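My notes follow in the order I took them.

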Amino acid sequence: MEAEVRIERYADQGRCVAHIDGRVVFVRFALPGEHVRIALDEPHDRDDRFWTGEVVEVIEPSDDRVPPAWPLAGPLAMGGGVGGADLVHVSLPGQLKWKAVTVSEQLSRLGHIDVAVPIERAEGDEALGGFHWRTRIEMIADEDGRPSMRRRGTHVRVPLDTMPLATKTLLDVAGEHHVWDGGFEPGSQIRLAVPEPRGGVAIRDNHSVLVDGELTAGSHVLNEQVTVAGTTFTYEVDANGFWQVHREAPVALANHVIDLARRELDGRDDAVIWDLYSGSGLFTLPLATLVTARTRMFSVEGGRDAVRSQQRNLRRMDLADVDARCGDVARTLAHVPAHLAKPDLIVLDPPRAGARAKVCRQMAEAGARSIIYIACDPTSLARDTGTLRGLGYELADVRAYDIYPMTHHVETVALFRRGGDAA
């Protein structure tokens with residue numbers, strides 16, 4: 001079924017809102033104010049609260065609309081549908097506007113606070129047109145053994161001969177190892193992880209090509225370098241593990257977190273800091289060394305490989321005052337050693353689902369004056385904002401980072417302060 005609609009506003013998951021006979025329709029590849037023809041997803045006659053659909057024709061375009069620079073990721077009706085870049089039809093300024101509005105609206109709706117959220121684009125992204133930012137990519141081999149992505153709503157696999165979102169360094173590695181030539185077992189999972197060279201110097205074999213989790217080229221352990229407040233930190237990261245995927249994200253986020261931490265602990269000679277959902281220690285290492293003269297830390301991460309990487313990174317720097325634990329955050333916080341049980345500052349970088357109410361309560365009960373929350377999902381952040389405000393914290397600072405160009409995803413760093421001034 002097709003229909004003409006007027007697009008009203010932004011929604012979640014890279015969609016916009018329209019109405020058909022009073023029923024909400026979430027529309028992909030649309031922009032507010034546009035008059036478009038859409039195709040409803042099947043079954044379109046179901047008795048749900050809302051329908052979903054996709055643009056098939058733009059009758060009156062928004063000023064923010066551009067032709068998809070990567071057509072394969074655009075609308076199905078225009079030859080696309082592979083996913084991975086759901087804002088590919090939006091200009092770069094329009095993408096920033098979309099994300100800033102989305103974060104602000106979610107904070108208002110779920111966090112019950114009205115605040116304008118500034119948003120920053122990563123260095124180099126504008127010159128690259130919003131492409132060439134991913135240091136990790138994953139694909140699946142099609143029936144002919146070629147790297148591919150599935151076309152949405154079908155079982156069709158579209159073979160790829162490049163990946164515009166990947167960094168140029170990653171694409172060089174893919175070419176060197178003939179990834180685009182195929183030859184893989186059909187159905188196998190293909191993963192490339194290639195740290196961005198810092199200072200223009202590449203480290204030999206500092207990359208990995210994995211097929212179904214098994215290394216076929218490069219190294220199992222990757223070397224990531226991040227300069228924070230003038231100090232360069234070196235991290236060993238498992239090739240299959242999590243790391244901030246944008247080439248500049250670790251630098252931008254770590255520097256901002258340290259700036260906030262220093263401001264919150266200004267004048268202190270020592271401090272206790274918690275780093276929750278700490279991964280391989282992106283924030284742990286600079287927090288342990290750059291904030292106060294003597295910092296004691298409690299670090300919690302659920303992924304065993306990430307914790308092993310973090311512990312190696314800590315040992316290399318001889319950071320004995322960091323207690324790095326592997327486990328569920330809520331359960332681990334029930335058994336914090338007495339000398340670390342009263343943090344002055346908490347930093348957390350939870351997964352997309354957020355921290356949730358129990359962890360928010362545990363942080364508040366621990367008595368921390370300040371909480372720095374790094375969020376990859378505005379909805380989860382907004383929900384937890386509402387919880388933290390009910391526990392006596394106020395939003396003292398918030399900033400968004402567009403480290404996922406061409407997608408609806410956005411990273412937000414929020415500072416909460418007990419008894420502090422609102423943003």
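I began with the largest pocket, whose volume is about 1000 Å³. The model is a predicted one.

I looked up the lining next. It holds 43 residues, and Phe 242, Trp 243, Val 245, Arg 352 and Tyr 404 lie nearest the centre of the pocket. Strand E8 (136-141), strand E9 (147-150) and helix H5 (304-316) are the elements that give two or more residues to this lining. E8 supplies the largest share, three residues. By class I noted 18 nonpolar, 13 polar and 12 charged residues in the lining of the largest pocket.

Then I turned to cavities. I found one cavity of 30 Å³ or more. The volume of the largest cavity is about 30 Å³. Its lining is made of Pro 350, Pro 351, Arg 352, Gly 354, Tyr 373, Ala 375, Cys 376, Asp 377 and Ser 380. Five residues of that lining are nonpolar, two are polar and two are charged.

Cys 376 got its own entry. The UniProt record, an unreviewed entry, places the feature "active site" there. I located Cys 376 in the loop between strand E20 (370-375) and helix H8 (378-390).

Is Cys 376 buried or exposed? Its relative accessibility is 12%, so Cys 376 counts as buried, the cut-off being under 20%.

Last, I listed contacts. Leaving out residues up to four places away in sequence, Cys 376 touches Pro 350, Pro 351, Arg 352, Tyr 404, Val 410 and Glu 411.

Methods. Residues are numbered from 1 along each chain as its sequence is written. This is a predicted model: local features need pLDDT of at least 70, side-chain atom pairs count only at pLDDT 80 or more; totals for chains, interfaces and linings use all residues. Side-chain values use heavy atoms; hydrogens and water are left out. UniProt positions are given in the numbering used here, feature names are shortened, and annotations may be inferred rather than shown by experiment. Helices (H or I, at least four residues) and strands (E, at least two) are DSSP runs, numbered from the N terminus. Buried means under 20% relative accessible area, exposed over 50%, partly exposed in between (1.4 Å probe, protein chains only). Contact means heavy atoms within 4.5 Å. On a 1 Å grid over the protein atoms alone, a cavity is a set of points where a 1.4 Å probe fits but cannot get out, and a pocket is an open set with protein on both sides within 12 Å along at least five of seven lines; lining residues have an atom within 4 Å of a point. Grid points are joined across faces, edges and corners, and a volume is the space filled by probe spheres set on the points. Ala, Val, Leu, Ile, Met, Phe, Trp, Tyr, Cys and Pro count as nonpolar, Asp, Glu, Lys and Arg as charged, and the others, Gly among them, as polar.
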